[in-house]
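Let's take a walk through this one, starting with a pocket and ending with a pair of helices. Have the viewer open and follow along.

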Amino acid sequence: MSTTTLFVRQDDLATTRLVTADEPALADGEIRVRVDGFALTANNITYAALGDMLNYWHFYPTGEPGWGIVPVWGFGTVMASLHPDVELGERLYGYWPMGTQAVLLPQRANAAGFSDGAPHRAGLHAVYNHYLRTTTDPLYRADNEDVQALLRPLFITSWLIDDFLEDQQFFGAKRMLLSSASSKTAYGTAFQLAQRDGIEVVGLTSPGNVAFCESLGCYDRVVTYDALGQLDSTTPSVYIDFAGSVGLRQRVHGHFKGLNYSCSVGASHVGDLGGAGQLPGPRPVMFFAPAQVKKRHADWGAQGLNDRLVAAWTQFSTAVSAGPRPWLVVQHHAGPEATQALFAAVLAGGGDPRSGHIATMLPS
C-alpha cells in the first residue's frame, strides 16, 4: 500500500507537489489512520504563512529541507493499530497532515481520546496534539461532520478571542474593528461579540462582500476598506486583524487615534504579509488560542471550559445551518489533484464567502 501527501514550499506557498511513497511499517504502540476528510480554508493558509513563527511545520515534518506539510482539521478512521487501547475502525477528530494517512503514537489514552506521543511533537502545544474519539466527543454529531471540520476549530478560536477580550475588559474600548469581516473566523468572533452589551461590532471588508457581511446580522456596521475615514477616529477601539495585511494595518493604526489594542489573528491577505515598521498606537500582539485555553483551563477546570464551549458551539452551529438558505454551503473535493488545485485556489483568495471546502486526498 502507498500513501500520498501534498508537500508545500515553505518559502513559496504557491509551489506544491504530490508525493507518493510506500506506507511505513508500524512500530509497537503506533496506529495508522486513514484521513477521510478535512477542511481547507484561509485558516490553513495562516498555518502555512506562520509556520516558522508558530511551529506549524513541525507537526508533520517532511524530512526534506524547505518543504512542509500544512496541517488540517478533520476526521479519520483507524485502519491498523499496535496500541492496546485503540481499536480498528475507531473514528477520530483531530489535526491531520494533508495526505491520505497519518501514523500516530497514542499516549495518555482514555475514554475521550489520546495525545500523539511522537518525539518530534513533544514540545508542541497539547491542543493540536490531542485526538478525540467521536463516540464520546460532546461536540460530535454524525450528521454534520462537514460543519464540524470547517467551523469547529475556527469557532473555538473565535470564542477564545471574544473570551480573551472580555477577560481584559475589552481594553477599555467600546468598538471592535474586525478586518476580513466575511471570513469564517471573523464571523464567529462577531457572532460572540454581538452578544456583549455596550460593544459596537464593525466589520471591515471589500466592496463585494458588504451585502454578505450585513446579511450575517452580527455587525452593527459594515465599512469598506477604502472608507475607513467615515469612522470616528477618537472612539476607544480594538482592532482584530484577520487579514494580516501590512497596508491595512498601517491605515488602521494611522487613522484610529483611540486605538487601545491591536490583535493579530490571521493572514487571509497572504500576499501582503510582513512587518509594518513603526506604527502609531499600540504594538500589534499575535493572538495564540492555546494560551487562552490554558488560562481558562486553570480558571474553570476542564469540565467548566468544556461546558461553555459546547453551549456556544451548539448555538453557533445551529445558527449557520438554519433556514431555507443556510449560511454555509459545503463543497467536496476528492483526490490528490483536486486537493492540490483547491489549495492553490484558497491561497489565491476570493470566491463565495458562503462556501466551505471539504477535501480528501483519497481517490474519488
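Strand E7 supplies the largest share of the lining of the second largest pocket, namely four residues. (Strands, E, are DSSP runs of at least two residues, and helices, H or I, are runs of at least four, numbered from the N terminus.) A pocket here is an open set of points on a 1 Å grid over the protein atoms alone, with protein on both sides within 12 Å along at least five of seven lines, and a lining residue has an atom within 4 Å of a point. Bear in mind that this is a predicted model, where local features need pLDDT of at least 70, side-chain atom pairs count only at pLDDT 80 or more, and totals for chains, interfaces and linings use all residues. Residues are numbered from 1 along each chain as its sequence is written, and side-chain values use heavy atoms, with hydrogens and water left out.

Back to that pocket. Its volume is about 490 Å³, a volume being the space filled by probe spheres set on the points, which are joined across faces, edges and corners. Of its 24 lining residues, Pro-24, Tyr-60, Pro-61, Gln-101 and Val-103 sit closest to the centre. E1, E2 and E7 (101-104) are the elements that give two or more residues to this lining. By class, the lining has 15 nonpolar, five polar and four charged residues; Ala, Val, Leu, Ile, Met, Phe, Trp, Tyr, Cys and Pro count as nonpolar, Asp, Glu, Lys and Arg as charged, and the others, Gly among them, as polar.

E1 and E2 turn up again in a sheet. It is open, has three strands in the order E2-E1-E4, and is paired antiparallel, where pairing takes at least two DSSP bridges between two strands. E2 (12-22) and E4 (67-68) are the edge strands, each pairing on one side only. Between E1 (residues 2-9) and E2 there are eight bridges, and Thr-4 stands opposite Thr-20 in E2. Helix H8 (residues 336-348) packs on this sheet and touches E1 and E2, its direction making about 165° with that of E2. Contact means heavy atoms within 4.5 Å.

Further along, E8 (residues 106-107) and E9 (residues 113-116) run antiparallel, joined by two bridges. They form a hairpin with five residues between them, and Arg-108 in the turn has a positive phi of about 50°. Gln-107 has Ser-115 in E9 as its bridge partner. E9 also pairs antiparallel with E10 (residues 130-133) over three bridges, and there Phe-114 is partnered by Tyr-131.

The largest cavity holds about 40 Å³. Among its lining residues are Trp-73, Leu-150 and Pro-153. H3 gives the most to this lining, with four residues.

Finally, the helix pair. H4 (residues 184-193) and H7 (residues 289-321) pack at about 115° with axes 12 Å apart; axes are lines fitted to C-alpha atoms over the stretch in contact, and angles run from 0 to 180 degrees between N-to-C directions. In this contact, Tyr-187, Gly-188, Phe-191 and Gln-192 of H4 meet Ala-312, Gln-315, Phe-316, Ala-319 and Val-320 of H7. Those contact residues divide into six nonpolar, three polar and no charged.

Note on methods:
On a 1 Å grid over the protein atoms alone, a cavity is a set of points where a 1.4 Å probe fits but cannot get out, and a pocket is an open set with protein on both sides within 12 Å along at least five of seven lines; lining residues have an atom within 4 Å of a point.
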